[in-house]
Amino acid sequence: MHAIKKLFQYMKPYTLFILLGPLFMCVEVIMDLLQPTFMQKMIDVGIANHDNGYVIKLGLIMLLSAVIGLIGGMGSSVYAAKAAAHISTDVRRDVFRKTERFSNQNVDSFGTGKLITILTNDITTLQQAVIMTLRIFVRGPLLFIGSIVIVWLTARQLFPILLISIPILAAFIYFFSVKSGKLFGKVQQAMDQVNTKLQEMLAGIRVIKAFNRHDYEKKRFKTVNDLLTKRNMTAEQLILTLMPVMMFVVNLGIIAGLWLGVIKINEGTLQVGVILAFINYLNIMMNGLISSSHVLMQIARAFPSANRIVHVLETNIAITDPVQPRTHHTIHGEVTFNQVNFSYSKNGEHVLKDITFHAKAGDVIGIIGSTGSGKSTLLKLIPRLYDPDSGEVLLDGVNMKALSMEQIRSAIGFVPQKATLFSGTIQDNLRFGKDLATIEEMDVAAQAAAASEFIDRFEQRYEHQLTQGATNLSGGQKQRLSIARAFVKQPSILILDDSTSAIDALSELAVQRALKKDFTDTTVFIVSSKISSIIHADQILVMEDGQLEAKGTHEELLRHSKAYQKIYHSQAGKEVEAYG
Ligand SMILES: Nc1ncnc2c1ncn2[C@@H]1O[C@H](COP(=O)(O)OP(=O)(O)O)[C@@H](O)[C@H]1O
Ligand SMILES: [Mg+2]
C-alpha cells in the first residue's frame, strides 16, 4: 500500500489525462449499453407496428451512438496510454537517477541484474497496469452494473435468471483468478531464471566457446526454458478454459431467458424485443465480469513490481556528502589509515582488519600480498567507494567524511584491476577524468602509459572508435589506455591496482619510468604481485588475510617480514634486482 501511495505522486502532473481516460470510457460504455435497448425498441415498436420511418430513425440513432462510442473508446485509449507513458518515463528517470547515486554498497546489495530488471521489466508492468486501470477498470464494472440496472428497469420479469447466473459466474471467476494468479507467479519465477541464465551466457560466451561447453550450456538453458514453457502452457490453458465455461453458464441463462420469456409473451406481459435485449445484456455482463477480473489480476501482478521500484527509490544512499563539506583548495595527497576495519556486508567477516599506515604526499606506496588478502579493498577506501566500519581514513589530515566527494575524487586517478572503458572514441575515454584535456596533454599521458605506440597505429588516432567494453582492444591495450586515462587527470593521488599485470615487460618499464619522472609530487599506490614493480617504493605494505603483516622499505622488509621474504624468494631475487 505504501508503494502505491508513493507512486501516486507520479500521477499528479497528469491528472487531466487520468481523468479524461475514464471519462471517455464512460461515453463508450453508455453507448454500448444503449444499443440493445435501441434494438428492442426497433423490434417491439417499429417492426411490430410496420412503422418503417421509426425503424430507419432508430437505425440512424444506433449508427450515431456506435460512432460516439467509437470516439469514446479511442479517446480513452489515447489518454490512458499518454498518462501511463508519462508516468513510467518519470519513474524510470527517477529510478535511474537514484541508482546513479548509489554507492558500491547499495549496488552490491541489489545486484546489477536485479536493477536492470527493475528499470525495464518492472516499470513496463507498472505502465501496463496504469493503462489497464484507466480503461478496463472503469469499463468492466460499469458494463456489469449498467446491464443489471437496465435489465431491472426494462425486463424485470427475467431478473430472477440474473439472480441465479451472476453468483455462479462470479464464483467461477473467483476460482480461476486465484488459481491463475498462483500460476502466473510461477511463470514469473521461471522467466527470471531464463533471464538470469541468458545474461550469464551472453556475458560468458567466449569462455563457453573456449571451454567447449556449448552442449552443456545448451542443456542447462533447455532445462529452465522448458520449465518456462510448461508453466506458461498450464497458465494459458487455465485462462483459455475459463471462456467456454463462462459461455456455458451464459448459454444456460439464455435458454432460461427464452423459456421464461415465451411463457411471459403468451401471458401477454412481455415483448419479443425484450428477450433479445436480455440475451445481449447477459453477454455484456459476462464480458464486464471477465475483464474486471483480468484487470484485478494485472494489478495484482504490478504490486511486486511497484514494491521493488519504490524500494530502489527509497534506498538510503550509503555514502553521502557531508552537510557542510570542508573546503580544501588543493589536496596534496597525504593519506592516513587509522585502525581501519572493513567488511562488505554488515554481519560479514572483516576483509580489512586494523589497518594503520601513513603515506606522505608524493610518496610511492607499494602493496603486495596473496590474492584475496584485501589489497583491492584497501585501495577502494581511498576514493571513498566504501566507508570503513570503524577507524578513519584521512586525506591531508582531514577525515574523508568531512570532505565533499567531488573534491576527493577529483584529486584521485584510479586504475582499477580490470580495465573498464566505454564505447566511444579513445579521446572520449581519455577525457573521462578531465573534460578539457588538450591533444598535447593526451599525448603526454599516452606516452607515459606506453599507449602511444598502438594509438599512433590507428588511422584516426584519438578518434578511433571503441566498441562496448572495448572488445576491439587487447587486454594489455585496455590496461594501458586505462592508465593513460588516470595520467591525463594529473591527480594528486594515483592508484594502480595490479594495472600492469597484462602488459609486457618493456611497457611496464616505461610506465615505471614515467611514474618516477612525471609524478614526483603525486602520492602513488601500486598494487603488484611482482616485487620488481614496488622495490623502490618509499613504503611497502605487506597484506596477509586482511591484515597488515608488515610495512617498511624493501630492505627493511627483507630483514623483518616473513611473508615478504617468502614472496621475494619465490620470485628468484636476482631477476628482481636486475629489473629495478
Ligand atoms: N564486492 C565484494 N563483495 C563481497 N566480498 C568481496 C567483494 N570484493 C571482494 N570481496 C572479498 O574480499 C576479500 C578481499 O578481496 P580483494 O580486496 O579483492 O583482494 P585482493 O585484491 O588482495 O586480491 C576476498 O575474500 C573477496 O572475496
Ligand atoms: Mg585485487
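Which residues are exposed on the other side of α16? The points below return to this after some remarks on the model as a whole.

1. Basis of the note. This is a predicted model, in which local features need pLDDT of at least 70 and side-chain atom pairs count only at pLDDT 80 or more, while totals for chains, interfaces and linings use all residues. Residues are numbered from 1 along each chain as its sequence is written, and chains are lettered from A and ligands numbered from 1 in the order in which they are written.

2. Domains. The protein chain is divided into domain 1, made of 1–138 + 305–317, and domain 2, made of 332–411 + 529–580, with bounds that come from an automatic or database domain assignment. Taken over C-alpha atoms, the centres of domain 1 and domain 2 are separated by 57 Å.

3. Helix α16. On the other side of α16 from its buried residues, A505, L506, R513, K516 and K517 are exposed, whereas S507, E508, A510, V511 and L515 are buried. A residue is called buried if 20 or more other C-beta atoms lie within 10 Å of its own, exposed if 12 or fewer, and partly exposed in between, with C-beta atoms placed from the backbone. Seen down the axis of α16, the buried residues fall within an arc of 155°, so they line one face of the helix; the arc is that of the directions from the helix axis to the C-beta atoms. These buried residues pack against α15 (475–488) and β10 (523–527). Helices (H or I, at least four residues) and strands (E, at least two) are DSSP runs, numbered from the N terminus.

4. Length of α16. The helix covers residues 505–518, and at 1.5 Å a residue its 14 residues should span 20 Å, which agrees with the 20 Å between its end C-alpha atoms. The expected span is 1.5 Å times one less than the number of residues.

5. Surroundings of ligand 1. The shell around ligand 1 consists of D108, Y344, V351, G369, T371, G372, S373, G374, K375, S376 and T377, where a residue is near a molecule or strand if its C-beta atom, placed from the backbone, lies within 6 Å of it. Helix α10 (residues 375–380) gives the most to this shell, with three residues. By class, the shell has two nonpolar, seven polar and two charged residues; Ala, Val, Leu, Ile, Met, Phe, Trp, Tyr, Cys and Pro count as nonpolar, Asp, Glu, Lys and Arg as charged, and the others, Gly among them, as polar.

6. L385. This residue lies in the loop between α10 and β4 (390–395), and L385 is partly exposed because 16 other C-beta atoms lie within 10 Å. The C-alpha atoms of L385 and S103 are separated by 6.7 Å although the two residues are 282 residues apart along the chain. Leaving aside neighbours within four places in sequence, L385 is in contact with N104 and K380, a contact being a pair of C-beta atoms, placed from the backbone, within 7 Å.

7. I355. Found in strand β2 (residues 352–359), I355 is buried, with 24 other C-beta atoms within 10 Å. Apart from neighbours within four places in sequence, I355 is in contact with F337, V340, L378 and L548.

8. A83 is placed in helix α3 and counts as buried, with 25 C-beta neighbours inside 10 Å; not counting residues up to four places away in sequence, A83 touches Y14, F17, I18, G21, V130 and L134. G257 lies in helix α8 (residues 214–267) and is buried, with 24 other C-beta atoms within 10 Å. Leaving aside neighbours within four places in sequence, G257 is in contact with L158, I161, I275, F278, I279 and L282. From C-alpha to C-alpha, G257 and G476 are 82 Å apart in space and 219 residues apart in sequence.

9. Backbone angles. Most residues other than glycine have a negative phi. H50, which is not a glycine, has a positive phi of about 50°; H50 sits in the loop between α2 (15–47) and α3 (52–101) and is exposed, with 8 other C-beta atoms within 10 Å. D545, also not a glycine, has a positive phi of about 55°; D545 is placed in the loop between β11 (539–544) and β12 (547–552) and counts as partly exposed, with 13 C-beta neighbours inside 10 Å.

How values were computed: Contact = placed C-beta atoms within 7 Å.
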